[in-house]
Amino acid sequence: MKKGLPAHFKDYRHVWVFIELERGHVHPVSFELLGEGRKLADKLGVQLAGVVLGPPGEATWFAIAEAFAYGADLAYIVETPLLADYRNEPFTKALTDLVATHKPEILLLGATTLGRDLAGSVATTLLTGLTADCTELDVDADGSLAATRPTFGGSLLCTIYTLNCRPQMATVRPRVMAMPQRGNNQVGRVVQHEVPMVEEEIVTKVLGFLSDGQSAKANLAYADVVVAGGLGLGAAENLKLVKNLARAIGAEYGCSRPLVQKGWMPADRQIGQTGKTIRPKLYIAAGISGAIQHRVGVEGADLIIAINTDRNAPIFDFAHLGAVTDAIRFLPSLTELFTHRLSPHSRDKLAN
């Protein structure tokens, strides 16, 4: 049963979204959260704010303009050279100071590497609750944030409330929420906030920076076309059939969790609840049964094509198109067909 909110939290209002800005680039999950934040703010009858922490410069103010374009009513900014690179201490201090001063009711962050680190630290500092990796956000009749996330290995969904503390904090993984339509408005009220900090008091120092763009890691979350394989492929060597098809159509490739557990594919290629959430325009699942843990990671795809020998496999319950056949024999034919039908240029634009 819910308890009444302590009186000293009654003046906490409005919905905030942390705009994740790193090296001049805004992480797209920030825009996805602005879309969800807009819905929550409208239900509560309050304002939606974007929060930008960054160094002085054009990129920081561009992030603010983008926050307005994706629906923010106002923006808060902490602008200092100490926030040029992400470090937990100055970012936590800046965000907690903002919250303590302006008192938001709800604070949303992306469940990225940066967002997870910052959210946990801010929640701990503010002594408030944090619901991580949410799949659904809503507000109850009494105005409480209802943050829903999978639990018990994905077999159950639980809705968590932060009853006696504010702000109510939640993180959401990239691609779980739909990308909202970008508007034309890029101006609004900006509240500048100063936080006294000096470099000498920050323990962490940045000695170098290695961009993800220089690594070989997969970018499944934002791929337009994804091909994935499951246990139905039978053996690790058959994964080449998935990779060949992906190469033919200009797609990323991935797999279900059991293949990672067997060591057939690295963890950064895993799709599903404990791996990557994807929202491609086309998703081809070969030999994947479609357990709930996998479903929650792919059901946002525009078009799902399932290939499985078991006509009763759960994946046919949510796939848009299905082929009841052996993926090991079907994938080479499909790859050959695409190779002959698509020119190299059109493969890049298959999703369009």
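Glu 36 is buried, with a relative accessible area of 9%. The model is predicted, and it holds 12 salt bridges. One of them joins Glu 36 to Lys 39, with 3.0 Å between the closest N and O atoms.

- An α-helix has 3.6 residues a turn, so residues three or four places apart point the same way.
- Lys 39 is partly exposed, at 49% relative accessible area, whereas Glu 36 is buried.

**Other salt bridges**
- Arg 269 and Glu 252 form a salt bridge at 2.7 Å, N to O.
- Arg 269 sits in the loop between helix H6 (257-261) and strand E15 (282-286) and Glu 252 in strand E14 (residues 252-255), so this pair ties together parts 17 residues apart in sequence.
- Arg 269 is buried at 10% relative accessible area, while Glu 252 is partly exposed at 22%.
- Asp 326 pairs with Arg 329, the closest N and O atoms being 3.9 Å apart; Asp 326 is partly exposed at 21% and Arg 329 exposed at 63%.
- A network of salt bridges links Arg 38, Asp 42 and Asp 73.

**Helix H5**
- Buried residues of helix H5 (residues 239-249) include Leu 239, Leu 241, Val 242 and Leu 245.
- Gly 250 follows H5 and has a positive phi, near 70°.

**Second largest pocket**
- The second largest pocket has a volume of about 250 Å³.
- It is lined by 14 residues, of which Thr 135, Val 176, Arg 295, Val 296 and Glu 299 are the closest to its centre.
- Helix H7 (residues 292-298) gives the largest share of this lining, 3 residues.
- The lining comprises 6 nonpolar, 3 polar and 5 charged residues.

Definitions and conventions. Residues numbered from 1 in each chain as written. Predicted model: local features only at pLDDT ≥ 70, side-chain atom pairs only at ≥ 80, totals over all residues. Heavy atoms only, no water. Buried < 20%, exposed > 50% of the residue type's maximum accessible area, 1.4 Å probe, protein only. Helix = DSSP H or I, 4+ residues; strand = E, 2+ residues; numbered from the N terminus. 1 Å grid on protein atoms, 1.4 Å probe; cavity = no way out; pocket = protein on both sides within 12 Å on 5 of 7 lines; lining within 4 Å. Points joined across faces, edges and corners; volume = space filled by probe spheres on them. Nonpolar A, V, L, I, M, F, W, Y, C, P; charged D, E, K, R; others polar. Salt bridge = Lys/Arg side-chain N within 4 Å of Asp/Glu carboxyl O.
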